[in-house]
Amino acid sequence: MTKQTIGFVGTGVMGKSMAEHLIKEGYTVNVFNRTKSKADSLVEQGAEWCDTVKLLSQNSDVIISIVGYPKDVESIYLSEEGILNHAKEGSIVIDMTTSSPALAEKIYEKAKSQNIKSLDAPVSGGDVGAKNAALTIMVGGDEDAYRQVENIFKVIGKNVVYQGKSGNGQHTKLSNQIAIAAGMLGVAEAIIYAEEAGLNIEKVFNSIEHGAAGSWSLSNLGPRMVKNDYAAGFYVKHFIKDMKIAIEESEKMGLYMPGLLKAKEVYDALSEAGFDDNGTQSVIQLLKNQIEKR
């Protein structure tokens, strides 16, 4: 079967690796990014650069986006020069940004009115998951559309789950971020405690990551915390954005989320301290700084 031509919008920390896997799998890939230089290595590997989202949309069968914020998603999909005004009938659009469930539904309805299929498919796994083609992908939208691009998802992810109707992918990702939020503080606090107690931190990891405390954050970001490696696998500013959306959605449901609210408070302080463009693991530095001030 002839492979679909894929348009890829957003070639940042995660998007670049995702697009690379598709190129290596033999897909024709059109790329667009606001900062063209971030797509240069993809073009060198065979991707076709498009000067505008409009041009990319007109020449792709499947359009994937992974950008920063809901306002960016809204712009690239719903503006006059955006995807939905220029994508071909019968094409499939897939937003993999963590965004608003309501916006996912809005895009779905507009796409449907133009005979375009729309999926919301946010991902989890950070830069490591993207590089290793091991992302978790949470998909919302019509199941027939999902089945048509399931082969694409399996190139970039290992755990791909269809979650149901439009918006459900985003709701699932928000559940994911809620589970991570307070847990990140727990990982940082556990490391600080172990170090202050004079323990061998590597031995501590060997014990606790295989027990009830085990988590992706502990195993993958814990070692970075110990090394003061704050390079962004997932930006602080984007984590704050995700938590903000999760809080807004929780409030709509009348839910009280104390762990989420506290994590947002701490990460807001981290942002104010100038860590927006660092990885989420840099929260440990804020906690250490607070200890030093006492």
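Buried means under 20% relative accessible area, exposed means over 50%, and partly exposed lies in between (1.4 Å probe, protein chains only). This is a predicted model, where local features need pLDDT of at least 70, side-chain atom pairs count only at pLDDT 80 or more, and totals for chains, interfaces and linings use all residues. Residues are numbered from 1 along each chain as its sequence is written, and side-chain values use heavy atoms, with hydrogens and water left out.

**Exercise 1.** Find which parts K117 and D144 tie together.

Step 1. K117 and D144 form a salt bridge, 3.4 Å from N to O. The term means a side-chain nitrogen of Lys or Arg within 4 Å of a carboxyl oxygen of Asp or Glu.

Step 2. K117 belongs to strand β6 (residues 117-120), and D144 to helix α7 (residues 143-156), so the pair links parts 27 residues apart in sequence. Helices (H or I, at least four residues) and strands (E, at least two) are DSSP runs, numbered from the N terminus.

Step 3. K117 is partly exposed at 27%. D144 is partly exposed too, at 43%.

**Exercise 2.** Decide whether K252 is buried or exposed, then do likewise for E249.

Step 1. A salt bridge joins their side chains at 3.1 Å, N to O.

Step 2. Both sit in helix α11 (residues 236-252), three residues apart, about one turn of the helix.

Step 3. K252 has a relative accessible area of 60%, so K252 is exposed. E249 has 9%, so E249 is buried.

**Exercise 3.** State how many salt bridges the structure holds.

Solution. The count is 16.
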